Amino acid sequence: MNGTANKVIDLRDRLALWLATGGYTGYARFAPGTAGSLVGLLLYLPIVAKPALVQIALVGTLFGVGVWASERAEKIFRITDPHPVVIDEIVGMWISLLFLPHTPGYLLAAFFLFRVFDVLKPFPAKQAEHLTGGWGIMADDVIAALYANVVLQAVQIFRALPGGL
């Protein structure tokens, strides 16, 4: 390859690492997944006022970017699901927050529940980790986020009932 091709590959790798590590927050020495989740929460705040379809499109786009970036990061690090990769946590936070009231209580509850489900990996999240490449990195967090979101949707429904929570 010529020098130009190497620079293009290098730039793609740099972009993939920047995206996969949540702007390098995945290199946090303590709890990089929690740091990535916090980044996800903060990045979600500007889109909370967008229509639901826009939010879904953004989540889907970020998921696709996450599959690409995390798979590329795996090849760069030469290990499966490298710890600095936190784009899965960012997408997970976004999914955890979809269709919920954007009050401090729900934001904090979504953050907490997502972290709990991401660590516990209830069925089928643990099994999803075994998917290859970026799919495995992203899928378990999507499932954990769905669990968190469903719990909070239930809370929202029960709160709306007469005499609810």
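The questions and answers below concern a predicted model of a protein and two of its residues. Residues are numbered from 1 along each chain as its sequence is written, and side-chain values use heavy atoms, with hydrogens and water left out. Local features need pLDDT of at least 70, side-chain atom pairs count only at pLDDT 80 or more, and totals for chains, interfaces and linings use all residues.

Q: What is the mean pLDDT of the protein?
A: The mean is 91, where pLDDT is the predictor's confidence in each residue, from 0 to 100. A pLDDT of 70 or more is reached by 93% of the residues. Over residues 1–5, however, the pLDDT is below 50.

Q: In which helix is confidence lowest, and in which is it highest?
A: Confidence is lowest in helix 1 (residues 3–20), at a mean of 77, and highest in helix 4 (residues 87–97), at 98. Helices (H or I, at least four residues) and strands (E, at least two) are DSSP runs, numbered from the N terminus.

Q: Why is Phe-117 called buried?
A: Buried means under 20% relative accessible area, exposed over 50%, and partly exposed in between (1.4 Å probe, protein chains only). Phe-117 has a value of 15%, and is therefore buried. This residue of helix 5 (residues 104–120) touches Tyr-147 and Val-151, among others; such a contact means heavy atoms within 4.5 Å.

Q: Why is Asp-140 called buried?
A: The relative accessible area of Asp-140 is 2%, so this residue is buried. Asp-140 is found in helix 7 (residues 133–160), and the residues it touches include Asp-118, Lys-121 and Glu-129.

Key. Lists of a residue's contacts leave out its neighbours within four places in sequence.
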